[in-house]
Structure formats: C-alpha cells, structure tokens
Amino acid sequence: MTCTVCRGPAVIDLRRHNANFCAEHFLRFCRDQVAKAISQHDMIAPGDRVLVAVSGGKDSLALCDLLVDLGYHVEAMTIGLGIGDYSEASTAAAVAYAETRGLPLRRIDLRDEYGYDIPTAAAVTRRVPCSSCGMSKRHLIDRAALEGGFDLVATGHNLDDEAAVLLGNVLHWNAEYLGRQAPVLPARDGFPRKVKPLVRLSERETAAYCVLRGIDYIVDECPMAEGNRHLRYKEALDSIEAASPGTKHAFYFEFLDKAADRFQPDVAQAQEGLRPCARCGSPTTTDVCAFCRLVERTAHAEPVPVELLRAGRGRGRGRARRGAGGAAQSRAATS
Ligand code: Q46
Ligand code: ZN
Ligand code: ZN
C-alpha cells in the first residue's frame with residue numbers, strides 16, 4: 001500500500017476518498033479537511049477566541065490539536081461528571097494533554113461545585129443518564145463561554161456522530177432537531193455560537209490522527225452509553241459504509257446541501273418566552289432553568305455509584321430507556 005501523494009509506504013487507507021496516506025500526508029489531510037470545514041461553513045474568524053469542550057476522548061483532543069496547529073486562539077474546558085473510573089480517566093487525559101501542550105484548561109467538577117454527579121442525577125430523576133448529562137454539559141459550557149468572553153464554542157462531533165444523529169432524526173422525522181443539525185449554530189441571546197470543525201473527519205480518522213501525533217486519549221466509551229440508540233445508528237451506518245464507502249459523507253453533506261433549509265427553525269419563535277432564570281440568569285422558558293432545578297433535586301441526595309446504577313438499569317430496562325436517544329443530541333458536548 002503506497003501513499004497517494006508521495007508513493008512512500010502508507011499507514012492508512014481511506015476508502016471513501018479512494019486514497020492511502022503516509023503519516024505526513026495523512027496529518028496534512030486532516031488539517032486540510034478541518035480548514036475546509038471551517039472556511040466552507042464560516043465557522044471561525046481570525047482573532048476569535050475559541051473555547052473547546054474536551055472530554056479526554058480522541059475527537060476533542062484531536063480538535064484542540066488541529067485548531068492550535070491552524071493558528072487559532074484556543075482554550076479548553078473539561079467537566080468532571082462523576083461517572084466512576086471513566087470520568088477520572090477522562091479528566092486525567094484532558095489534564096495531561098493540556099499540561100504537555102501548554103494549553104489553558106478550565107475545569108469544573110459537578111460533585112465539588114454543584115453537589116451531584118451524573119449517576120446520582122440519573123437515579124433521582126429516573127431518566128437515562130445522558131439526559132441530565134447532556135443538559136448539564138450544555139448549560140455549563142454555554143455559561144463558561146459567555147462569562148469568559150469567548151467568541152464561540154467548538155465541539156468534537158465528527159462525521160460518524162453527525163450521520164448517526166441525522167439517521168435518528170430522519171427515522172423519527174424529528175423536524176425540530178433536524179432544524180438544529182448544522183455544523184454551525186449561531187449565537188442567540190444568552191447562547192454562544194457553536195461550531196463542529198470535525199464534521200469532515202470520521203472517528204477512525206480522528207483516532208489515527210491522535211496515534212500519529214502521540215496524543216494519549218481515553219479509549220473506553222462512557223459506561224452509561226450502553227444500549228443507547230446513537231450507538232445502534234452508528235453500527236447500522238458502519239455496515240452500509242463498509243459495503244458502500246462514502247455513504248455517510250453523502251448522507252450528511254447532501255442533507256446540508258439539499259434539505260437542511262427546509263427545517264430551519266424560526267429564530268424569533270425560539271427566542272419567544274425566554275427569560276432569565278431566577279437563580280442563575282441563564283435563558284429559560286420557566287422561572288427556574290432545568291439545570292438549577294436538577295441541582296436542587298440532586299444536591300442533597302445520597303450519592304449513587306455508577307456500578308449500582310448500571311446493575312439497576314440491567315434489571316429495569318424499560319424504565320431506564322425513557323428518553324433514550326438523549327446521547328444523540330447531547331453527545332460530545334465535551335467529546
Ligand atoms: S458522557 Fe454523558 Fe455521554 Fe456518558 S452519560 Fe451519556 S452524555 S454517554 S457523550
Ligand atoms: Zn505521503
Ligand atoms: Zn438556572
């Protein structure tokens with residue numbers, strides 16, 4: 001197998017591009033794909049301050065690395081979710097990366113700062129963990145971006161994520177979510193601008209990027225993701241992609257080109273009824289926002305270890321699946 005560019009020995013084959021690359025040209029390919037996504041979708045302007053939500057996984061660390069390499073002003077933030085060993089390893093990977101590369105890292109820990117963690121929130125609310133997890137991450141990232149004066153938030157959603165979320169939203173004709181499934185979400189009153197610069201890279205590519213750049217990322221998936229629809233949609237798309245390379249790319253980018261406009265949300269309507277939360281000031285349609293209500297409900301609850309919650313979910317699958325698919329929307333708020 002030889003590199004399509006230089007004819008030297010290749011380290012990776014990319015069937016959807018009908019190309020093989022050596023290490024040097026693969027890294028260049030990744031940079032080019034991110035630069036193309038940024039310019040095609042007007043994601044980041046020169047001089048913008050970018051907050052990157054980092055989980056310690058391959059996507060968010062590759063994203064930091066690529067944005068810094070492309071010359072953007074980047075700071076990272078990570079949230080300790082309290083999901084047992086997984087969260088400890090995630091935070092350790094984020095901290096190690098930031099320290100070795102000299103990247104500023106903001107850290108928030110749910111249990112230390114807000115008195116709860118995700119397994120306890122899931123047990124108290126009796127909903128799938130991804131529901132309170134996604135909402136907590138969105139709230140804290142939005143606040144950090146606005147309070148820190150950042151111009152935008154960048155998240156590590158890759159092509160596999162976006163295609164899987166799109167498949168889920170199409171299967172259920174979820175028009176509201178289809179309207180929000182864009183590589184750029186503009187800033188609204190009280191919400192920062194959000195961009196997804198990795199949409200042209202697959203997760204196999206972000207993993208290979210990290211390996212070739214010597215980035216130590218956490219390989220394990222979140223133990224709370226087990227059985228969620230997002231993973232099933234990914235598996236379905238993987239098997240189609242294996243038989244027909246390029247299908248995921250076409251599915252997602254043809255949607256953006258040909259259909260996304262039809263689902264554009266009415267911005268005025270979305271803003272309607274929003275008012276500041278009585279506790280924290282974040283925009284909400286109720287007196288107290290969902291995050292502050294979650295803190296109120298969970299902060300004094302007996303902590304529930306992740307192992308106990310998983311054992312309970314195994315026994316009570318029907319109840320635990322309520323709201324499944326939350327991960328599809330919330331995934332990679334820090335991934
Ligand atoms: S961390 Fe949180 Fe994900 Fe785990 S509980 Fe679900 S949303 S799966 S990206
Ligand atoms: Zn080469
Ligand atoms: Zn609030």
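A: **Zinc sites**

The site of the zinc ion (ligand 3) is tetrahedral, with angles of 107 to 113 degrees among its four donor atoms; four donors count as tetrahedral if all angles lie between 85 and 135 degrees. The structure is a predicted model, in which local features need pLDDT of at least 70, side-chain atom pairs count only at pLDDT 80 or more, and totals for chains, interfaces and linings use all residues. Residues are numbered from 1 along each chain as its sequence is written, chains are lettered from A and ligands numbered from 1 in the order in which they are written, and side-chain values use heavy atoms, with hydrogens and water left out.

The zinc ion (ligand 3) is held at 2.3 Å by the SG atoms of C277, C280, C289 and C292. Donors here are N, O and S atoms within 2.8 Å of the metal (3.2 Å for Na, K and Ca); water is not among the atoms, so sites may look incomplete. Along the sequence these donor residues are spaced C-x2-C-x8-C-x2-C. C289 is buried, with a relative accessible area of 5%, whereas C280 counts as partly exposed at 23%. Buried means under 20% relative accessible area, exposed over 50%, and partly exposed in between (1.4 Å probe, protein chains only).

The zinc ion (ligand 2) is coordinated by SG of C3, C6 and C22 and by ND1 of H25, at 2.1 to 2.3 Å. Its donors follow the spacing C-x2-C-x15-C-x2-H. The arrangement is tetrahedral because the four donor atoms subtend angles of 95 to 115 degrees. C3 has 0% relative accessibility and therefore counts as buried, while C6, at 39%, counts as partly exposed.

Notes: Tetrahedral: all angles 85-135°; square planar, octahedral: opposite > 155°, others 65-115°.
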